[in-house]
Amino acid sequence: MRRFPEAPTVDAELERIDFRTTPEYYIDTEQVIDPVVLGLLSCCPTVFGIKKAVADLLAGHPDITLPEPVGVIEPGATVRGLVIAAAGAVIAEGAYVTGPVLVCPGAVIEAGARVRDNTVIGPGCRIGFGAEVTRSLLTGGVFMKHTSFVGDSVLGLGVNIGAFVSTTGLRITSGPVTEPAVEEVCAHLDGRRVATGQTKFGAVIGDGVIVPAGTVLQPATLIGAHTLLYPKTQVGGFFPAGSQGR
């Protein structure tokens with residue numbers, strides 16, 4: 001049984017960072033086996049930098065080496081742009097993948113799934129029919145076997161996304177939504193707004209969390225590792241690691 005993380009002693013430069021915004025609060029990095037995924041997590045002081053780190057990686061990050069594209073892309077899969085299927089990865093017939101995308105060893109993009117730009121699908125993930133992922137990091141062992149949407153998000157080890165689950169990345173409280181987005185999305189901790197530096201930010205879902213079918217996650221939802229979520233239409237805010245919530 002994993003012990004939930006406690007805030008470590010930090011140097012003066014990092015004192016201003018709330019430990020609840022760090023990758024280590026949500027993901028047990030000692031269990032991350034893929035060097036590329038571990039490199040992404042290690043280079044980001046907060047989870048809010050992971051989206052940019054993924055984009056930089058797929059654009060040619062100088063310090064992280066991408067794997068060789070020796071995985072299986074079955075005839076009948078639709079693949080466009082830079083798509084790297086690592087050894088042991090499978091992009092099945094009928095899947096749609098638009099790069100830049102990295103599919104790590106043992107991950108499977110099944111028929112009818114859609115994976116889009118600036119996404120890393122970690123080892124052992126299964127993306128099923130009707131599931132869509134974009135601008136996100138799936139750390140490893142994530143199951144999205146049913147119709148669902150994850151965008152602008154970070155998913156920890158062993159997360160299970162139920163049918164018809166969706167993240168949302170834009171706030172609509174300030175008037176008409178514009179594209180491209182121009183208003184920063186903020187997370188909420190202890191009743192205060194925490195800047196994400198992002199105009200679109202979905203959710204951070206920690207290790208082992210099961211998101212019940214039909215749940216819509218509000219922008220900048222933060223769910224600590226091994227949180228138990230009860231079924232509810234709308235979920236938002238911050239859930240401490242190991243808590244129970246609606």
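**Reading a predicted model**

Mentor: Let us begin at the end of a helix: helix 3 is followed by Gly 60, which has a positive phi, near 110°. Please keep in mind that this model is predicted.

Trainee: Which residues of helix 3 are buried?

Mentor: A residue counts as buried when its relative accessible area is under 20%. In helix 3, which spans residues 50–58, the buried residues are Ile 50, Lys 51, Ala 53, Val 54, Leu 57 and Leu 58. They lie on the same side of helix 3 because they cover an arc of only 165° around the axis.

Trainee: How many helices and strands does the protein have?

Mentor: The protein has 3 helices and 27 strands. One of the strands is strand 11, residues 131–134, and Val 133 is located there.

Trainee: Is Val 133 buried or exposed?

Mentor: Val 133 counts as buried, because its relative accessibility is 0%. For the protein as a whole, 49% of the 246 residues count as buried.

Trainee: With which residues is Val 133 in contact, leaving aside its neighbours within four places in sequence?

Mentor: Contact means that heavy atoms lie within 4.5 Å. Val 133 is in contact with Arg 114, Val 115, Arg 116, Thr 119, Ile 121, Ile 127, Leu 138, Met 144 and Val 150, once those neighbours are set aside. Consider Val 150 in particular: it is 17 residues from Val 133 along the chain, and the C-alpha atoms of the two are separated by 4.9 Å.

How values were computed:
Residues are numbered from 1 along each chain as its sequence is written. This is a predicted model: local features need pLDDT of at least 70, side-chain atom pairs count only at pLDDT 80 or more; totals for chains, interfaces and linings use all residues. Side-chain values use heavy atoms; hydrogens and water are left out. Helices (H or I, at least four residues) and strands (E, at least two) are DSSP runs, numbered from the N terminus. Buried means under 20% relative accessible area, exposed over 50%, partly exposed in between (1.4 Å probe, protein chains only). The arc is that of the directions from the helix axis to the C-beta atoms.
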